[in-house]
Amino acid sequence: MRGLTEVLEAARAEGRAALVGYLPAGYPSVTGAVDAMLAMVRGGVDVVEVGLPYSDPLMDGPTIQRAVEVALEHGTTTDDVFTTVRDVAGSGAPTLVMSYWNPVERYGVRRFSEALVAAGGAGVITPDLTPDEAGTAPSDWLGATDATGLDRVFLVAPSSTEDRLRFTAEHCRGFVYAASTMGVTGTRSAVGDSAETLVRRVRAVTDKPVCVGLGVSDGNQAAQVASFADGVIVGSAFVRALLDATSPEAGVRAVEQLAGELADGVRRGRS
Amino acid sequence: MSAPVRRSPDSGGHFGPYGGRFVPEALMAALDELAAAYEKARLDDAFQTELTGLLTTYAGRPSPITDARRFAEHAGGARVLLKREDLNHTGSHKINNVLGQALLARDMGKTRVIAETGAGQHGVATATAAALLGLECVVYMGEEDTRRQALNVARMRLLGAEVVPVDAGSRTLKDAINEAMRDWVTSVERTHYILGTVTGPHPFPDMVRDFQRIIGDEARQQVLDLTGRLPDAVVACVGGGSNAMGIFTAFLDDTDVRLFGFEAGGEGVDSGRHAARMSGGSPGVLHGTRTYVLQDEMGQTLPSHSVSAGLDYPGVGPQHAWLHDTGRATYAPITDTEAMDAFALLCRTEGIIPAIESAHALSGAAKVGLDLGPDAIVLVNLSGRGDKDVDTAAKWFAVISDEDIVESAVAVVEESPQDASGQGW
C-alpha cells in the first residue's frame, strides 16, 4: 500500500492535484459507509478521510451534522471507525481519520494512535486541535504521532497570521489542510479567491503539500482549486449524495458518480 | 492545606492540566486579538472608568448583602448573608461580564455581538448591552430552552435582539454554544462572541472571571464591614461557573474561608439525569477547553439535566476543575427537589424569589450552615432573581394550572408591546 506522501507525489508527477474524499463512519451504517467509501475510491478518489462521529462537531455545517447524528444514534463507536479504516485502506487508498479531539483523548492518545496504525490508517486530521495544544500533556499528540509514524494534519485558515502559518505548517506531516473560507463545512456555490490567496501564503512558508477543503462540491470547483492546490478535499457534497439517495445502493452509485466527476475536475485543473 | 492555586492561567490559558484552546485554527487569530485587547483594557484607566461608571449608574452596583435571619433558622442557625446579584439590572450577575465584553467589542471595532443562552439571563443581558451600545445582536438558544424560558425570549426580542432557536443535538445550552461558535467562525471579522461564562477557549475563562470578580471584591469588604471578620464559607451554584468564580476569587488567598460550589444534581447523580460534572463526569475537552465533562466511554458528550436551565450544561469552567482537583473548593450536587425546596423557603422566609440556579446555592448553604453551626458566617451568592422561573415554580408547586401558564406565556410572546391606542407594556 502506498503512503499519503507517495500518493500526493504521484498525483503531482501526473501534473494534477490529488482528490481527497470525506465521509463519516457509521452513516448510513458501518458497512454502508465502507461501501460508500470504496465507491469513492472506484470513482477516482486518491485519499479517503474517515470522519469519527462526534456529538459536538462545531466545525461542521448541517449536512455533516445530520449524517453524524444518525451514525451516533446507531451506536457507532471508535472501534467501528478503526474497522472502517481497515476495510477502506484494504483498497490501497491512504486512509486518514478526521476527528475532533475529545474522542481521541478519551480513547487514550497513544492507544488511539496504535490502533489506527494497526488498522492500516495513514494519519489523522484534527479540526479542533492546533499544534499549540498538541504539544502539551495530557494531549501530547506530537509525541504519539512521532512514536507511531502517523501523519498528522493541522488546519490553516484565511485568518491565520504569517507566524501561525509557519508554526502550523512546521508541525504538519502529510499535508497542510487549508480551509478555503472562514466558515464551517458545507457546499458553496462558488469557491472564493481566499483559497488561492491562502495557498500562496502557505507555499511562502513551507514546501509541504497543501490541500484545500471547505466548499468544493462539483467538477468545475474541483478543477478551479486543482489549478493552485496539491489536493482537493470534498466532504459535504459526498455526504449530501448519501443523504439525498432513496436507498443505500443509490447512495453508493451517486457517490461513485460524484467521485468520477471530481476526479475529472482535478485532471482538468492544470490543462 | 491545599496546593497553591494559580489564579491567572499561564500564557496558553492553562489551569494545571485544564483550560487551553481547543478550537479551529480560524478562531485563533480572533482569540489572540481578544486576549491582547483584554490585556490592554485591563490596564487602561479610561476603559476601567467607563466600565465602573456603567456598573454603577446603569447596572446598579454595588449590590448589597442581606442578612437572611429567618432563612438562617433553617441553616443550623448560622448567619447567612446573601450577596444580592438578583438586584442588578436584568436580574442577575450576567450583566457584569456582558458590559465589560460589550465595551471591549466596541473598542475592537466589532459592530455585531453574538451570545449563547440557556436560562435566557445571559441572552437578556447581552441584548441589553447591545441596545445600550448600538451593536447588532444575535442570541442562540436551544429550542428546548426557548420553550422553557419563553418570557426571556420575549425580553430579548423587545430589546432588539434576534433570537435563533437551535434544533441540533439536545436542543439545549451546549448546542447553542456549538451554533454560536459556528457563527463566529464565519463572521469573526466583524463579530465578537460574548461568551457568558468562565469556560471556552482562552482568554474567556480568565476574562469572564475578572469581569465577575467584582462580586467577591464587594462582598468580602461588605462582610468585613458588617461582621468585623471574614465569612467561614462562601457558597455559590455552578453551571458554567461564572457567578461562583466571581464570588470565590476575592477569597482564594483567605485559606481559612471554605469555598463551596453546588452543581445541579437533577434527579440524582445515580439516575444519570443531572449536571454534576465533578462527581458524575471526567476530564475531557468540550467547547474549546479541557475540563470536567459529562461524557460516555467514547468521549461523546452526554446530555445533562436540571430543573434549572442555567445549570443544565455538561461542562464547567476549567478553573473550577482545577480548584476541585487541588481541593481549594468543594463541589457537591443539589437535586432538583432540594433546590425547589430552598426556592420556596427563601420566598416564604425572606420575601425574595430567587432564580432556580441560585436556589441550588441556597440549599447548599443550608447544609453548610447545619454542618458549621450557629457561630458560622455563610456568604451565599444570590446570583439571580426568579421572575423568569415563575412558570416552572408555579407548575412544580401546582399553584396555578398548566392552561393558565401556557395561555399567559403565549400572550406575552405574541402580543406586540403596545396596542393600537398606545397602551401596553
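**Two chains and the interface between them**

For a chain of 271 residues, a compact globule would have a radius of gyration near 18 Å, and chain A, at 17 Å, agrees with this. The model described here is a predicted one. Along its principal axes, the C-alpha trace of chain A extends over about 45 × 45 × 35 Å. Its secondary structure is made up of 13 helices and nine strands. Of the 271 residues in chain A, 63% count as buried. Among contacts in chain A with a separation of 6 or more, 74% join residues 24 or more positions apart. The accessible surface of this chain comes to about 9400 Å², and carbon and sulfur atoms account for 48% of it. Chain A carries 23 positive and 34 negative side chains, with the centres of the two sets 3 Å apart.

Leaving aside residues up to four places away in sequence, Val7(A) is in contact with Arg2(A), Asp46(A), Val47(A) and Pro94(A). Asp35(A) is 28 residues from Val7(A) along the chain, and the C-alpha atoms of these two residues are separated by 22 Å.

The other residue, Ser180(A), sits in a loop of chain A, between strand 7 (176–179) and helix 10 (193–203).

Chain B can be described in the same terms. It contains 17 helices and 14 strands. The radius of gyration of chain B is 20 Å, close to the 22 Å that the globule rule gives for 425 residues, so this chain is as compact as a globular protein of that length. The C-alpha trace of chain B spans about 55 × 55 × 50 Å along its principal axes. Buried residues make up 61% of the 425 in chain B. Of the contacts in chain B with a separation of 6 or more, 74% are between residues 24 or more positions apart. Chain B exposes about 14900 Å², with 51% supplied by carbon and sulfur atoms. Its 37 positive and 57 negative charges have mean positions 3 Å apart.

Within chain B, helix 13 covers residues 318–326 and is mostly covered, with seven of its nine residues buried. The buried residues are Pro318(B), Gln319(B), His320(B), Ala321(B), Trp322(B), Leu323(B) and Thr326(B). Just after this helix comes Gly327(B), which takes a positive phi of about 85 degrees.

Finally, the two chains meet at an interface. Here, 39 residues of chain A are in contact with 37 residues of chain B. The size of an interface is often given as the accessible area lost when the parts come together. Between chain A and chain B, the buried area is about 2900 Å², and carbon and sulfur atoms give 51% of this. Which three residues supply more of the area that chain A buries against chain B than any other three? They are Leu58(A), Arg106(A) and Glu133(A), which supply 24% of that area.

Note on methods. Residues are numbered from 1 along each chain as its sequence is written. Chains are lettered from A and ligands numbered from 1 in the order in which they are written. This is a predicted model: local features need pLDDT of at least 70, side-chain atom pairs count only at pLDDT 80 or more; totals for chains, interfaces and linings use all residues. Side-chain values use heavy atoms; hydrogens and water are left out. Helices (H or I, at least four residues) and strands (E, at least two) are DSSP runs, numbered from the N terminus. The radius of gyration is taken over C-alpha atoms; the globule rule is 2.2 Å times the number of residues to the power 0.38. Buried means under 20% relative accessible area, exposed over 50%, partly exposed in between (1.4 Å probe, protein chains only). Contact means heavy atoms within 4.5 Å. Accessible areas come from the Shrake-Rupley method with a 1.4 Å probe; for residues, only the protein chains shown count as cover. Lys and Arg count as positive and Asp and Glu as negative; His and the chain ends are not counted. The place of a charge is taken as NZ of Lys, CZ of Arg, CG of Asp or CD of Glu. Buried area is the accessible area (1.4 Å probe) that two parts lose on being put together, summed over both.
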